[in-house]
Structures are given as C-alpha cells and as structure tokens.
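The sequence and structure come first.

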Amino acid sequence: MEAGTADFAREAESSQTFPLAGATAGGNEVSPGSHLDVQMSMQLSVLACRSVDKTNLSKYKTPSQDQNIDEMDENENEEILKGMMNLMSRRMPYIKLKDQYNVLKRLGSGTYGSVVLAEHKLQGKVMALKLMKKKTTKKENFLMEYCVSLCLSSHPNIIKTLPVAFETDRYFLFAQEQAIGDLHSIIVPQDGLPDIIVKRCAMQLAEALDFMHSKALVHRDVKLDNILIFDQDCHHIKLADFGLTRLEGFHISPLKGTVPYSPPELCTLEETDTLELDSSLDIWAFGILLFCISTGYFPWETAICQDSDYEKFVVWQTTGNYQKIPSEWKQFTWRALDMFQKLLAINAMTRSPAIEVQKYLSDPWKINSLKDNSNLQDN
Ligand SMILES: Nc1ncnc2c1ncn2[C@@H]1O[C@H](COP(=O)(O)OP(=O)(O)OP(=O)(O)O)[C@@H](O)[C@H]1O
C-alpha cells in the first residue's frame, strides 16, 4: 500500500460513522438532508486512495523517467479530482439552511464568503459551515475546494472536512470541524510568539505542507488567517482554506494570493504572463509566515527590488556577506538564518522542502531566547 493510502482508507471508514441523514444502506440516494450517503463517501475516498504519491514513486524511477512520471502523476491526480467533482456535482442536495441547521455564530469571514458555527437540528452535531456566495463563486471552484479539502483531511495537521456539502438559494456550503481561532488572532504585533510556540507551529505546518506537496497539490494561500488553532499554545494547529489550491503545473496569473507572502517570481510576473505552479511557492510563504510569527511583523511588503526592505535582503543573499544582514534579521541565531535562507531562496529551484525545518527544531531561533535560556540556567 502506498504511503497515504492507509490514511485515506481510514477516512473512508470514518465517513461511514458520521451521522447520515436518511441515507439508505448501500443505496445511492441522498436524502433531502445535507449528508453524503455511505456509498458516495466511499467512492470519494477510493478515488482519493488512488492518488499517486510522489515520494513513493521516486523510489522506483530512474533519472530518465523523471519527466514521464511527473506528467503521469499530475495527469492521474487531475483525473481523480475531476472524477470526484463530477460525482459531487450530481449528488449535491439542495436545502433550506434554516430547515436543517441552527446557525449559532459567525466564526470568521474572508474574500469568498464566511464561516459559521451551526448545529444540525436532527442530529445535534455542531460543525463549522463554510458558506460561499453563488453570486461570486463558480460551482466548479466550490467543488474543487470541497474535494481537495476532503482528500487531504486525513492528515492530523489539515482541517478535517466532513462529508457534508449542499447548496441553498444563495450559497454553496460544506462542513468542517470547528477550531477555536486562527494564528492571526494570537500573534502579538511587533513581538511575535515565543520560540517554543513558533517551532511547534513550524513542525506541524511542515508536515501538512509536505503531505500536500507529496500529492502534487500546492496550497497557494499559506498565511496566518489560514492556520487554524485548537488551543492557545498551538499544541495542535491545522492548515485550512484550500480555495486556491491547484495541482503542480497549473498556470497562475500575477497577484493571486496574498502579496506579502508572494515569492519574487510571482511578484515580478508581467500582467500577461503566467507562472507554472510549483510547491516552492508555498515554501516561500511558509518562510514568511515563520518570520511573522517570530517577530510580529512582515520582513517586507512586496518581494520586488523597489521595496527597500526586500532589496536589503537580496543584497545580503546575493553577496553572501554577513556584514550586510539587514537589522530585522539580526534578532535570529545563525542556525535560524541558515533555515530562513533555505526557505526563502530567491531562486525557486533551490528552495528546500518544508520538512527541512525539522533539522532546526533543537536549536534556538531567536537571540533573545538564547538569553532567556541562559537566565534559566543561571537561576
Ligand atoms: N473550521 C473553522 N473553525 C473555526 N474558524 C474557522 C474555520 N474555518 C474558517 N474559520 C475562520 O474563518 C476565517 C475565514 O475562513 P476561510 O479562510 O476558509 O475563508 P475564505 O473566504 O476562503 O478566506 P480568504 O479570504 O483567506 O480566501 C478564517 O480566517 C478563520 O478565522
């Protein structure tokens, strides 16, 4: 069994235990209620199981096969996603929200809609419902986000999407487990979070990104608001919002995604040009996010040379001259700087995989945390 297949199989089992509104055992009908039937959940999960795992394939490939395997990988994943979206599209129930759910409160909102806490009236199950306005959301994009979220949700650091999706007059909706907030809400501006919490977040996010990237999926919107927390000390955090997620190789236009997190190759893209999507885009955003949670601010606004903060970073990187370290980077230890240089490599081809951060977890990252440690030892 390929890595990841067991997770998806577990997902298939767990979706059978999720309360099903009026589903007939083994039948195809979806009740006027909102839950997917058992067979539908199984089909989705089986399709997800077939997803090719790049890390596993690479064990068997010779260098001359590289290109073919990558193409096969992406094509197969695309077919799987299309299959899931087709199934979903044909089975998605149409309901009146108020008939089946009590909306308890708003949990958050974003560019494409809002997220509310809701209780299923019959089953009493409480869940987060993501609502996307039909006026501004193509059904295809909704289905893509839902299917990608469902495929990835077996990972412990990715938000769990429930087999519940439906439409109302005004919205497309799907359900997820409820978090207590997002990383943005706990960052202390201009100060950041303590080293120990930053490293906790780094480790969990690296695992989530590594999992996505092994399925040839690129998140494209890694940012503070999209990291959901389950406790104030970040012992348990999860990557969320797969609205922009696409397969590697997809062509993206300039300025999709959030600017301070965008890598130079995207910021400098001409209006009419496109960029072939690659996981290195998420790695850059991950590096920026780690800087943000460590310091409480962004290292620069936009990764273009007209931005003086970014320009100083480029000079330091291209000259390799440690005398040229910009002041805001001097608060980090040599080890942390080494890690940041790998995540924020200006040349996208040389950026490390997210999981590289694991090598740095036993070192202090902030210089003031070194002082704190020595004070602790002195006492
Ligand atoms: N499962 C959840 N539990 C608790 N809060 C959530 C959950 N999902 C989302 N939120 C909150 O709602 C906010 C918006 O959610 P989300 O990012 O999914 O919406 P969006 O419209 O896709 O946003 P964006 O503008 O980033 O594309 C999040 O930043 C978070 O604060």
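Buried means under 20% relative accessible area, exposed over 50% and partly exposed in between, with a 1.4 Å probe and protein chains only. Helices (H or I, at least four residues) and strands (E, at least two) are DSSP runs numbered from the N terminus. This is a predicted model, in which local features need pLDDT of at least 70, side-chain atom pairs count only at pLDDT 80 or more, and totals for chains, interfaces and linings use all residues. Residues are numbered from 1 along each chain as its sequence is written, and side-chain values use heavy atoms, leaving out hydrogens and water.

**Helix H9**
- H9 is largely enclosed by the rest of the structure, because 16 of its 16 residues are buried.

**Glu 145**
- Glu 145 is part of helix H6 (residues 139-152) and counts as buried because its relative accessibility is 5%.
- Its contacts (heavy atoms within 4.5 Å) include Lys 130, Phe 174 and Asp 241.

**Ligand site**
- Around the ligand are 22 residues, each with a heavy atom within 4 Å of it; Thr 111, Lys 130, Glu 177, Asp 182 and Asp 225 are the closest.
- A ligand oxygen atom lies 2.5 Å from an N or O atom in the side chain of Thr 111.
- A ligand nitrogen atom lies 2.8 Å from a polar backbone atom of Glu 177.
- Strands E1 (101-109), E2 (113-120) and E3 (126-133) each supply at least two residues of the shell, and E1 gives the most, with three.

Definitions and conventions. Polar contact = N/O pair within 3.5 Å; in protein donor to acceptor, adjacent residues only side chain to side chain. Lists of a residue's contacts leave out its neighbours within four places in sequence.
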